[in-house]
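Visitor: Please show me the structure, and let us then discuss its side-chain contacts in turn.

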Amino acid sequence: MRVTEAQTRRSMMSQITVHRNDIEKYSNQVTSGLKVTEPGDSKQSGTISRFNESYNRNESHIERIAMVQSFLEYQEGIVSSLSDYVIRAQELATQGANETYGPEARKAIADEVFAMRDSVVALANSKYQDVYIYGSSDDDDPPYDRVADYVPASGGLSDARYAFDAEYGTELTKKVVITDSLTIDVSTPGNKVFNNLIYSLERLGRALSGYQTDVDADGKPTGTGEPYDFEGDYETAFKQQSADIRECLDLVNKASSEDILPEEASIAGRLTRLDIARSILGITNTSTKEALSTLQEVDIYEAASNLVNAQTALNGSFMVTSKILRMTLLDYI
């Protein structure tokens, strides 16, 4: 079969197009460092897409872990402060229970106890990024409020009374989905951390001030409590005051062992789980990047060599075509 001039022209122009495409391809590889940038560039495009999705999803998990860690570390600091207050409250209660201290000496200790109570309330009402940490789902108002003062009134610090507001959502545990297989509790309801310590400090301060405190079946102050009758029967009143102070010391110890120390351990455990999860995600993403590198990244020296070869081939095609078909540069553009 006779090869026509038109067929020769088409063949040579096709070769020129191929060389031009090769130059563009290898130029992009040299510039980007990637041999696969579009789905059609490789038969492995589906695998590459899945790797990229996995990598991006893991990066989102890592960012979420960082935010939750920061939130938990803030709470860790709060609980650590509670432990410090417990130690000081134990010291003051032990000091106040010593019967060498009379009513007036005990009253002098009470002010520091009430200051601690107020500091603990402030910690319970802590905010992080403009939300109340221990309000759980009801995080737009403080979980602890000052309520009606004690009756009869003392006219001093022992009048103040605080209570957990117990609104809807305050006793729920907030959770965050961290990864496809890990969900973390990000906060504990405030009443489970602070109630016993606040109420025991309140009762301790009142006892040291010279006032009894009536409580309900759960040990929560009811807002009433008569003063000790030192004038009517000093010995009986003094013994009752000493017994109440010792009881408050037991309550402080109970708050520490049943609420604060478990919460401290719980936060440490949650932070450890986050560290492990972040480590696993980091290892996974390192492996994913290596796999993507194998599938996508180009040998820059090989790409540069291919680019030079493609340019040489294109120049050769121009020369051959121009000689055979006597075409000018205008025919190529």
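Guide: Glu99 and Arg246 form a salt bridge, with their closest N and O atoms 3.9 Å apart. A salt bridge here is a side-chain nitrogen of Lys or Arg within 4 Å of a carboxyl oxygen of Asp or Glu. The model is a predicted one, in which local features need pLDDT of at least 70, side-chain atom pairs count only at pLDDT 80 or more, and totals for chains, interfaces and linings use all residues. Residues are numbered from 1 along each chain as its sequence is written, and side-chain values use heavy atoms, with hydrogens and water left out.

Visitor: How many residues apart are Glu99 and Arg246?

Guide: Helices (H or I, at least four residues) and strands (E, at least two) are DSSP runs, numbered from the N terminus. Glu99 belongs to the loop between helix 2 and helix 3, and Arg246 to helix 5. The pair therefore links distant parts of the chain, and the separation is 147 residues.

Visitor: Is Arg246 buried or partly exposed?

Guide: Buried means under 20% relative accessible area, exposed over 50%, and partly exposed in between (1.4 Å probe, protein chains only). With a relative accessible area of 40%, Arg246 is partly exposed.

Visitor: Which parts does the salt bridge of Arg57 and Asp180 tie together, and how many residues apart are they?

Guide: The side chains of Arg57 and Asp180 meet at 3.6 Å, N to O. Arg57 is partly exposed at 37% relative accessibility, whereas Asp180 is exposed at 65%. Because Arg57 lies in helix 2 and Asp180 in the loop between strand 5 (174-179) and strand 6, the bridge ties together parts whose separation in sequence is 123 residues.

Visitor: Which residue is buried, with a relative accessible area of 1%?

Guide: A salt bridge joins the side chains of Arg117 and Asp118 at 2.7 Å, N to O. Asp118 counts as partly exposed, at 31% relative accessibility. The buried residue, at 1%, is Arg117.

Visitor: What does the count of salt bridges come to?

Guide: Arg88, Glu91 and Glu112 are linked in a network of such bridges. By the rule stated above, the count of salt bridges comes to 15.

Visitor: What kind of pair do the rings of Phe230 and Tyr234 form?

Guide: Rings of Phe, Tyr and Trp (its six-membered ring) pair if their centres lie within 6.5 Å; planes under 30 degrees apart count as stacked, over 60 as edge-to-face and the rest as tilted. By this rule there are 8 aromatic pairs. The centres of Phe230 and Tyr234 are 5.8 Å apart and their planes stand at 45°, so the pair is tilted.

Visitor: Over which ring does the charged end of Arg206 sit?

Guide: A charge sits over a ring if NZ of Lys or CZ of Arg is within 6 Å of the ring centre and within 35 degrees of the ring normal. Arg161 lies over the face of Tyr150, at 5.8 Å from the ring centre. The charged end of Arg206 is 3.9 Å from the centre of the ring of Tyr150.
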